[in-house]
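User: Could you go through a structure with me? I'd like to ask things as they come up.

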Amino acid sequence: MHLELTRVVQGSGRLGVLRGLSRTRPHHSLETPGCLLYTHLGSVPHLTQDTLHTLKDLPSVTQVTLSDIAEHQEVLESFKEGFRKFAGLHDTVLYCSLHDPAALCPAGYTTNKTVSVWGSGGRMELTVTKFMSLQKCTQPDWYTSMADGETWQVNTTRKRVRKSVDRTLAHLDECLLLHHKLPELEEVSVFGVVEGGDIVDERLRSARETAKRPVVGFCLDGFQTGFMEPSVRAQLIAAVTEELPEDKPRLLPGVGRPDEVLACVEAGVDVFEGFFPFQVTERGCALCFRFDVTPDPESAVLELNKEEEVVRNGNVNRDDQTQMTPFEINLKDKRYEDDFGPLVKGCGCYSCQNHQRAYLHHLLVTNELLAGVLLMIHNTSHYLGFFKALRAALASDQLELLKRRVMEAGGRESD
């Protein structure tokens, strides 16, 4: 795997293409900045494979998590042909992460030798041997090594952060040692995990030491939404990326809000997880933020109606990923019961072309399963469109304009 950079602008991000994603599927590539396809056990929530593939510009990399897979290890070991074939995914690159980015993991269950993941049956404790046996039966194209990421609490001490970095490096060395002994993982690549909490020295030490190992990329852990102030996060990421080789990708887990994505791209991040549309869908909401950067005198001044002023001026809890953000509208609200417009004017997705806000409101208040399907179609399409616009803005020196569009009253589309 290698990152071909086509443009690097100091303080404004990196534009490129990630190639060699899979040694068994060499035709696949991922444009950066980009996002992964978020799934539960290989399935995008609410969508069948046929419905999913009606969407344009789908990411070539599908994300699965050990927190989901660990409960099915015996079945996969009996199957013997890997998770991709087991789940019927076929022509996609498979990436395996430790935790589900859309689920909060309780702290306090990490030891010197183990980490814990949480599935539908509760907590499962993983040693490096157990972790690697799961990778063996999953057979992904790449995965992140085992890591101690429990340094996000506010009162975490420097000693605890140092221990986290030491443990993570030790886990990486053990994972690499076992990796090279397993023929099933011969064609599989490893991402090293950079830890260090909010302590600059430990972040830099983690980055430098991880970069010395034979990894294809880096997972910058501990920066998830709500873990630290956005300004501190951007400064730490910028400092860390200065220590990493330019031709290897930087993946940032747990960050999905468009404003935070933009800030982290400017700090040097290449790849994000695609869980944000799912979270928005689960809230009964539709993404509606603007990301057009084409000059248009008629839309230069965004005119917001009364309903959007109310939402914009409301208090939004940035620290809680279950709370509504300024980039979406809540279709459960009674104000939408007689709103016969599309979710977003001008959106070309199936949901916006065929249904109205009032219909989605009806589906939501009556708990119809179709609500989740239509919302997930729109939210996924809208989010992927944002990343496409982000790459175009980097290529054409319009990133500042894109930021203004997204941030105008939360980037909300006018009615």
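User: Which residues of α9 are buried?

Analyst: Pro258, Asp259, Glu260, Val261, Leu262, Cys264, Val265 and Glu266 are the buried ones. Helix α9 spans residues 258-266 and is mostly covered, with eight of its nine residues buried. Buried means under 20% relative accessible area, exposed is over 50%, and partly exposed is in between, using a 1.4 Å probe and protein chains only. The helices (H or I, at least four residues) and strands (E, at least two) are DSSP runs, numbered from the N terminus.

User: And what follows α9?

Analyst: Gly268, which has a positive phi near 115°.

User: What pLDDT does the protein average?

Analyst: The average is 89, and 92% of the residues score at least 70. Here pLDDT is the predictor's confidence in each residue, from 0 to 100. Over residues 296-319 the pLDDT is below 50, and that stretch has 39 contacts in the model beyond near neighbours in sequence. A contact means heavy atoms within 4.5 Å. Where pLDDT is low, the predicted coordinates should not be read in detail.

User: Switching to strands. How many residues of β6 are buried?

Analyst: Five of five, for a strand covering residues 61-65. Val61, Gln63 and Thr65 are on one side, Thr62 and Val64 on the other, and both faces are covered.

User: Which strand pairs with β6 over five bridges?

Analyst: That is β7, residues 93-97, in the parallel sense. In that pair, Val64 stands opposite Cys96 of β7. β5 also runs parallel to β6, joined to it by two bridges, and Gln63 in β6 is the bridge partner of Tyr38. Two strands pair if DSSP finds at least two bridges between them.

User: Now the space inside. How many cavities of 30 Å³ or more does the search find?

Analyst: Two, from a search of the whole structure. On a 1 Å grid over the protein atoms alone, a cavity is a set of points where a 1.4 Å probe fits but cannot get out; a pocket is an open set with protein on both sides within 12 Å along at least five of seven lines, and lining residues have an atom within 4 Å of a point. Grid points are joined across faces, edges and corners, and a volume is the space filled by probe spheres set on the points.

User: What volume does the second largest cavity have?

Analyst: About 70 Å³. The elements giving two or more residues to its lining are β5 (37-38) and α14 (370-395), and α14 gives the most, with four. The lining includes Tyr38, Met376 and Tyr383. By class there are nine nonpolar, two polar and no charged residues. In that count Ala, Val, Leu, Ile, Met, Phe, Trp, Tyr, Cys and Pro are nonpolar, Asp, Glu, Lys and Arg are charged, and the others, Gly among them, are polar.

User: And which residues lie nearest the centre of the largest pocket?

Analyst: His99, Cys105, Asp221, Gln224 and Phe227, out of 36 lining residues. The largest pocket holds about 710 Å³ of space, and its lining divides into 16 nonpolar, 13 polar and seven charged residues. β8 gives the most to that lining, with three residues.

User: How much space lies in the second largest pocket?

Analyst: About 520 Å³. It has 21 lining residues, and closest to its centre are Phe291, Cys347, Gly348, Ser381 and Gly385. α14 gives the most to this lining, with five residues.

User: Is Asn367 buried or exposed?

Analyst: Asn367 is exposed, with a relative accessible area of 69%. Its place is the loop between α13 (357-365) and α14.

Conventions. Residues are numbered from 1 along each chain as its sequence is written. This is a predicted model: local features need pLDDT of at least 70, side-chain atom pairs count only at pLDDT 80 or more; totals for chains, interfaces and linings use all residues. Side-chain values use heavy atoms; hydrogens and water are left out.
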